[in-house]
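Welcome, and thanks for taking a look at this one with us. Here is a friendly tour of the two ligand sites, topic by topic.

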Amino acid sequence: MIQEIQDKPGQQRGLAICVSGPSGVGKGTIIRSVLARRPSIRHSVSITTRRPRPGEKNGIDYYFVDHPTFERMIADDEILEHDCYCDQYYGTPRKPLAEAIGSGLDVILDITVPGSLSIMQKIPECVTIFLLPPSFSELENRLLKRGTETDDIVRKRLEKARHEVTMADRFQYLVVNDDLAETAQRILAIIDAEHCRYPYQAGIEQVVLAR
Ligand code: ADP
Ligand code: 5GP
């Protein structure tokens, strides 16, 4: 992946920011809030075989495709990473991500834990954030309140959540999503801090010395 990112001269690369966490923890809600506060950040629109929820739009929330199309896209190497989650495929389109990062734009990915682990291999400088619910009962409340899945799928997602939380130690940052505004602010603070890290700023001291 790294070789595919075409850096523009004099332009710092954007960050790939992976946000993982159990279903219902609030990843989508937090990402929408972060994007509303910082419109320069992009969302990596994933491809999925699951059906759209009411209100979800093709090309904005996801690219909704059927199984043969998804498998054709994998075969054609159009997908950077993919995972099968609760019997549905989810994947990150390769080209838009490489283009955005190369143009200096930060991109947020809403992605499963194995998806984040795969991005860590492919984009080693990525930023990884794991969102935790304040409690498991609150996670269940949120999933039930959202009301977008059948009881059977809610149960499957909650079962998966217990294992996902045990993988939190693979991430650089852990954030408990209790208050929505505070969580969005914390994610922005992480992004701002990452932009100040030495590897990202490397060479800037030489520019300052030359002024
Ligand atoms: P995910 O994308 O992680 O599956 P969603 O963003 O769809 O989760 O959020 C699940 C539900 O929880 C939604 O109904 C959302 O409005 C609600 N929610 C998200 N964050 C919070 C929060 N901080 N406090 C209370 N409810 C929240
Ligand atoms: P949902 O069906 O709730 O929108 O998403 C289910 C799970 O798929 C969530 O954990 C979400 O983060 C994950 N997901 C969404 N897009 C991608 C993707 O492109 N790749 C991977 N690996 N997971 C994704």
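**Two ligands and their surroundings**

Helix H1 (27-37) and helix H5 (136-146) each give at least two residues to the shell around ligand 1; helices (DSSP H or I, at least four residues) and strands (DSSP E, at least two) are numbered from the N terminus. Please keep in mind that this is a predicted model, in which local features need pLDDT of at least 70, side-chain atom pairs count only at pLDDT 80 or more, and totals for chains, interfaces and linings use all residues. Residues are numbered from 1 along each chain as its sequence is written, chains are lettered from A and ligands numbered from 1 in the order in which they are written, and side-chain values use heavy atoms, with hydrogens and water left out.

**Around ligand 1**

- There are 15 residues around ligand 1, and Gly24, Lys27, Thr29, Arg146 and Asp178 come nearest; a residue counts as near if one of its heavy atoms lies within 4 Å.
- By class, this shell of ligand 1 holds 3 nonpolar, 6 polar and 6 charged residues. Here Ala, Val, Leu, Ile, Met, Phe, Trp, Tyr, Cys and Pro count as nonpolar, Asp, Glu, Lys and Arg as charged, and the others, Gly among them, as polar.

- A polar contact here is a pair of N or O atoms within 3.5 Å.
- From its side chain, Asn177 places an N or O atom 2.9 Å from a nitrogen atom of ligand 1.
- On its own, ligand 1 has 570 Å² of accessible area, and the protein covers 80% of it (Shrake-Rupley method, 1.4 Å probe).

**Around ligand 2**

- Ligand 2 is surrounded by 16 residues, with Ser46, Arg50, Tyr62, Tyr90 and Asp110 the closest.
- The shell around ligand 2 comprises 4 nonpolar, 5 polar and 7 charged residues.

**Polar contacts of ligand 2**

- Ile111 contributes a polar backbone atom, 3.1 Å from an oxygen atom of ligand 2.
- Of the 510 Å² of accessible area that ligand 2 has on its own, the protein covers 96%.
- Strand S5 (79-85) and strand S6 (88-93) are the elements that give two or more residues to the shell around ligand 2.

Note on methods
A polar contact is a pair of N or O atoms within 3.5 Å; within protein, one must be able to donate a hydrogen and the other to accept it, and residues adjacent in sequence count only if both atoms are side-chain atoms.
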